Amino acid sequence: MQTNEYLSIIEGMIFLSGDEGMTLKQIMAVLEISKKEAREYLKQLLDYYDQKPIKGFQIVNYGGCYKMVTLVKHEAYYAKMIKQNHLRLSKSALETLAIIAYYQPITRVHIEEIRGVGCESMIRKLLAKAMIKEVGREESPGKPILYGVTQTFMDAFKLASLDELPELEEMSSDFDSDDIFNTKYQEEVKDSA
């Protein structure tokens, strides 16, 4: 494999590792290369990013982990963007959030049963916005994750406690289950006379 291919793979691995980053050992293990080779490739990659005239992030080595981070000089813009993103929640995000707030701790499957649609991506978005968090595991087969709201949720909705949430109204039924097939939905019969 050529040097550029190694650099490309390492860059992709660092990107995929997210906040955790990649250690030198991990890079060596995945690429099956020596410590010396890994260090040389990382040096080349860091030099490349240092020389890029236009960039929104850089690769850094913090505590032995190589990570992609945004540039400090743009911090004010990123903070503004994050603040705006935290304030905006879609209708489906609000529905999911309300279910979690009222029924916590609750599993994804239970949320989906209540909403009637899949909500895995919505849960990921709410986790990313720090509106919800994992609060444990349910004692059932597969030990599904239980979710609950965070302090960020409480702050965003200006709640001192969940007791301040409005009472849930019981859904009223607009039909009598005993009478459903007898009169409610019968077709009108026209006189044939």
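Predicted model: local features only at pLDDT ≥ 70, side-chain atom pairs only at ≥ 80, totals over all residues.
Helices here are DSSP runs of H or I with at least four residues, numbered from the N terminus. By that rule, Ser 17 belongs to helix H1.

Leaving aside residues up to four places away in sequence, Ser 17 touches Met 22 and Tyr 66.

I turn now to the sheet. It is an open sheet of 3 strands, arranged in the order S1-S3-S2, with antiparallel pairing. Strand S1, residues 22–23, and strand S2, residues 57–62, stand at the edges; each has a single partner strand, so one side of each is left without a neighbour in the sheet. S1 is joined to strand S3, residues 65–70, by 2 bridges, and these two strands run antiparallel. Thr 23 has Cys 65 in S3 as its bridge partner.

Next, the helices around this sheet. Helix H1, which spans residues 3–17, lies across S1, S2 and S3, and runs at about 75 degrees to S3. Helix H3, residues 35–51, lies across S2 and S3, at about 140 degrees to S2.

H3 also meets another helix. The axes of H3 and helix H2, residues 24–31, come within 9 Å and cross at roughly 110 degrees. H2 is therefore roughly perpendicular to H3. Which residues make this contact? From H2 they are Leu 24, Ile 27 and Met 28; from H3 they are Lys 35, Ala 38, Arg 39 and Leu 42. Of the residues in this contact, 5 are nonpolar, 2 are charged and none is polar.

Finally, the nonpolar cores. The largest one has 21 residues, and those with the most contacts inside it are Leu 97, Ile 100, Ile 111, Leu 126, Ile 132 and Phe 153. Two or more residues come from each of helix H5 (91–103), helix H7 (120–128), strand S6 (145–149) and helix H8 (151–156). The most is given by H5, with 5 residues. As for Leu 126, its contacts are Leu 89, Ala 93, Thr 96, Leu 97, Met 131 and Ile 132, again not counting residues up to four places away in sequence.

There is also a second, separate core, of 18 residues, which includes Leu 7, Ile 33, Leu 42 and Tyr 66. Two of these names have come up already: Leu 42 takes part in the contact of H2 with H3, and Tyr 66 is touched by Ser 17.

Conventions: Residues numbered from 1 in each chain as written. Heavy atoms only, no water. Pairing = 2+ DSSP bridges. Contact = heavy atoms within 4.5 Å. Axes fitted to C-alpha atoms, helices over the stretch in contact; angles between N-to-C directions. Parallel < 35°, antiparallel > 145°, perpendicular 65-115°, else oblique. Nonpolar A, V, L, I, M, F, W, Y, C, P; charged D, E, K, R; others polar. Core = buried A, V, L, I, M, F, W, Y, C linked by side-chain atoms within 4.5 Å. Buried < 20%, exposed > 50% of the residue type's maximum accessible area, 1.4 Å probe, protein only.
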